[in-house]
Amino acid sequence: MTPDQSSVEAFFSQNTSTPLEQLMLPELQASGVNLWLKRDDLVHDRVSGNKFRKLKYNALHACETGSARLLSFGGAYSNHIYALAALGASLGFETIGIIRGEELEGNNSTLAFARQCGMKLHFISREEYRGKNSPEFVEKLRTQFGDFYLIPEGGTNDKAVSGCAELSREISGQIDADFVCVACGTGGTFAGLVAGVESKTKIYGFPALKGAVFLNEEIDRLLPGGSTVPWELMFDYHFGGYAKMNRPLVEFMRYFYQHTGVELDPVYTAKMMFGVIDMIKNRIFPEGSNVVAIHTGGLQGLDGKRQEMARLLGDL
Ligand SMILES: *Cc1c(COP(=O)(O)O)cnc(C)c1O
């Protein structure tokens with residue numbers, strides 16, 4: 001049975017305003033920049049950060065169209081799959097996760113959690129995964145699982161853009177931001193921030209993928225009405241590519257935690273924050289400006305990375 005609309009609305013209206021905290025780091029004193037952290041990691045304990053924002057209007061639309069079953073795609077450590085599974089368990093949606101990599105079948109903590117939430121996991125090869133958006137493949141999934149509401153990989157579609165536009169408006173209500181900075185995977189969150197901003201704010205995106213110039217076009221596609229504010233992607237902070245990390249990045253995470261008490265994740269937010277601090281050191285932001293960096297959450301995958309992080313620090 002489709003969950004009832006009012007319970008979905010109630011779920012998404014909790015914690016509608018996440019804190020905005022000023023960061024005090026030694027680098028900032030010389031630059032005269034005010035750096036703020038938008039703690040969207042605190043929006044919900046399991047439906048974390050930007051995934052909460054991206055799922056909101058998808059879940060509501062599923063309700064409106066009478067769909068009780070949500071299906072989506074992701075890698076074995078996907079924050080999106082984790083969040084979707086948790087959402088399904090909280091609200092009573094059936095969830096199906098199509099997972100890249102048939103060799104996995106398995107039991108990392110992300111997938112174990114998804115299973116615990118009742119998500120049905122279906123593993124496909126990397127090759128099949130590349131063709132996941134073809135009508136034939138989706139038809140095959142409908143034959144196998146019955147009808148479903150399809151949420152694209154990473155949760156990115158026009159509904160996600162609407163949800164992330166609300167995040168932009170929430171920030172505008174908290175501060176007069178000159179710059180807003182966010183990590184990018186599919187670019188959906190970034191596009192929503194651009195769509196929702198009203199003032200003269202410039203939005204900077206930090207792709208977590210190497211060679212992500214395709215994102216410029218993808219963001220144009222997600223913003224059919226164009227944009228009224230300047231935006232730019234910073235392509236030099238991917239640290240070797242998606243989910244790759246090295247010693248300087250892990251040292252930075254440790255440094256940031258020691259000074260702020262806030263944990264970052266090595267896939268997205270640490271790379272973004274490293275980029276922001278680097279730009280501050282390079283005097284990209286004028287003195288006196290308000291720079292807001294968004295903590296998009298996603299700390300669920302961190303435990304699986306601790307061993308590699310310790311090894312990179314030479315502690316193992
Ligand atoms: C998914 C994710 C992103 C990327 O969001 P997109 O909308 O795909 O660009 C950024 N940060 C975190 C923590 C994420 O989990």
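Mentor: Contact here means heavy atoms within 4.5 Å. The model is predicted, and the part to look at is helix H12, residues 269-281. H12 has 13 residues and reaches 18 Å from its first C-alpha to its last, close to the 18 Å expected at 1.5 Å a residue. Ten of those 13 residues are buried, so H12 is largely enclosed by the rest of the structure. The buried set starts with Thr269, Ala270, Lys271, Met272 and Met273, and continues with Gly275, Val276, Ile277, Met279 and Ile280.

What do these buried residues pack against? Their partners include two helices, H2 (26-31) and H11 (247-260). The strands they pack against are S2 (34-38), S7 (179-184), S8 (202-207) and S10 (290-294).

In soluble globular proteins, nonpolar side chains tend to be buried together. The largest nonpolar core in this model has 39 residues, and Met273 and Val276 are among those with the most contacts inside it, along with Leu35, Phe206, Phe256 and Phe285. At least two residues of this core come from each of S2, S7, S8, H11, H12, S10 and helix H13 (306-312). H12 gives the largest share, seven residues.

Finally, the end of the helix: just after H12, Arg283 takes a positive phi of about 55°.

Notes. Residues numbered from 1 in each chain as written. Predicted model: local features only at pLDDT ≥ 70, side-chain atom pairs only at ≥ 80, totals over all residues. Heavy atoms only, no water. Helix = DSSP H or I, 4+ residues; strand = E, 2+ residues; numbered from the N terminus. Expected span 1.5 Å × (residues − 1). Buried < 20%, exposed > 50% of the residue type's maximum accessible area, 1.4 Å probe, protein only. Core = buried A, V, L, I, M, F, W, Y, C linked by side-chain atoms within 4.5 Å.
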